[in-house]
Amino acid sequence: MHGEYKIPGGKLVVVDVEADGGVLRHVRVAGDFFLEPDDALDAVNRALEGAPADTDAAGLAARIDAALPEGTVMYGLTSEGVGIAVRRALAHATDWTDYDWQLIHEGPQAPTLHMALDEVLTAEVAAGRRPPTLRVWEWGAPAVIIGSFQSLRNEVDAEGAARHGIEVVRRISGGGAMFVEPGNTITYSLSVPEALVQGLSFQDSYAYLDDWVLGALGELGIRAWYQPLNDIATDQGKIAGAAQKRVVGPGGGPGAVLHHVTMSYDIDADKMLEVLRIGREKMSDKGIKSARKRVDPLRRQTGLAREAVIERMIESFAGRYRLAQGKVTDEELARARELADTKFGSDGWTARVP
């Protein structure tokens, strides 16, 4: 069995292993990492040899740490990263490069339709009718998008939202509220087969699916990193937040993962604080001041137009993986429009947690 894991901010770890009689056999670890001294790699392999095949990544990492020679130096490599690669091998996980990716980047659409498209496209990936998809959103109207389990009244000031003409919608993933305005936000979704994140913990899957965009930001001159559980940060502040939803496949079979990210290109912090309650009811006066600085827009950090940032991000993704231009099919769009009307545009869904 073969497993690969690109350590966020680090290097690729490759593991070939067999499971025989419930234990690991013939373990071979490789990769483009740096490791000193040379015999440390043999120590890693010996530590994993004979380990129970159901040992989790943390347990495998503990075995490695206990076996490493004194003074071992790892660069681009972690013991836990090796453990994750082993778990991915045993789970028969796939890799980004195993797929032909499709890009969807269409014109502005209503917030409710964006919510519905996420659900429909991810279900299509789970059913095997659509390839893994990167969808870049264009917003047709300003909106507040609340997480699946958030309280509507606790998160949103209804009067403030109405005053500024901001629609409130609820998404299918968890996490916190997002304040978006057309032209001020970069939002994208990844709809991927569950096999891509097999062997990863929930937290590790966030870091794994965010890794490509950290590279893209680096190419734009921004040193960014994954900040657990679901943020992307720089030394200037948070620039993005992610959320996920797992979708079960037909008949309860292998499914798909929706991973979407909202990045702040620019932001009207004063308006945001009039619409979201976080500033006035959940934070002190000092907290309100810091909330204005907590999200640092990409416009200031890059000096580029929003369209240029998006183009560079897409080019970075395409440079790593096979990415073909695609579109939402007529059937997918019809289903999404129906969901936008009957579910995401309904008070029953939006206020399901009052």
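These legends go with close-up views of one predicted model.

Residues are numbered from 1 along each chain as its sequence is written. In this predicted model, local features need pLDDT of at least 70, side-chain atom pairs count only at pLDDT 80 or more, and totals for chains, interfaces and linings use all residues; side-chain values use heavy atoms, with hydrogens and water left out.

**View 1. The whole chain.**
The chain has 14 helices and 16 strands. Both are DSSP runs numbered from the N terminus: helices are H or I with at least four residues, strands are E with at least two. The C-alpha trace spans about 65 × 50 × 35 Å along its principal axes. With 354 residues, a compact globule would have a radius of gyration near 20 Å, and the 22 Å of the chain agrees. That radius is taken over C-alpha atoms, and the globule rule is 2.2 Å times the number of residues to the power 0.38.

**View 2. Inside and surface.**
Of the 354 residues, 52% count as buried. Buried means under 20% relative accessible area, exposed over 50%, and partly exposed in between (1.4 Å probe, protein chains only). The accessible surface comes to about 15600 Å², and 50% of it belongs to carbon and sulfur atoms. Areas come from the Shrake-Rupley method with a 1.4 Å probe; for residues, only the protein chains shown count as cover.

A search of the whole structure finds 14 aromatic pairs. The rings of Tyr5 and Tyr208 have centres 5.9 Å apart and planes at 25°, so they are stacked. Rings of Phe, Tyr and Trp (its six-membered ring) pair if their centres lie within 6.5 Å; planes under 30 degrees apart count as stacked, over 60 as edge-to-face, and the rest as tilted. This pair links distant parts of the chain: Tyr5 sits in strand β1 (residues 2–6) and Tyr208 in helix α7 (residues 202–219), 203 residues apart. Both Tyr5 and Tyr208 are buried. The rings of Tyr99 and Trp101 have centres 6.3 Å apart and planes at 80°, so that pair is edge-to-face. Tyr99 and Trp101 are buried too.

**View 3. The surroundings of Thr122.**
Thr122 belongs to helix α4 (residues 111–126). Its relative accessibility is 1%, so Thr122 counts as buried. Not counting residues up to four places away in sequence, Thr122 touches Ser191, Val247, Ala256, Val257 and Leu258. A contact means heavy atoms within 4.5 Å. Val248 is 126 residues from Thr122 along the chain, yet their C-alpha atoms are separated by 9.8 Å.

**View 4. Two cis peptide bonds.**
One joins Glu36 and Pro37, with omega about -5°. Pro37 lies in the loop between β4 (34–36) and α1 (40–48). Another joins Pro228 and Leu229, with omega about 0°. Leu229 lies in the loop between β12 (224–227) and β13 (231–234).

**View 5. Two histidines with positive phi.**
His26 is not a glycine, but its phi is positive, about 55°. His26 is found in strand β3 (residues 23–31). His92 also is not a glycine, and has a positive phi of about 60°. The loop between α3 (79–90) and β6 (101–105) holds His92. At 56% relative accessibility, His92 counts as exposed.
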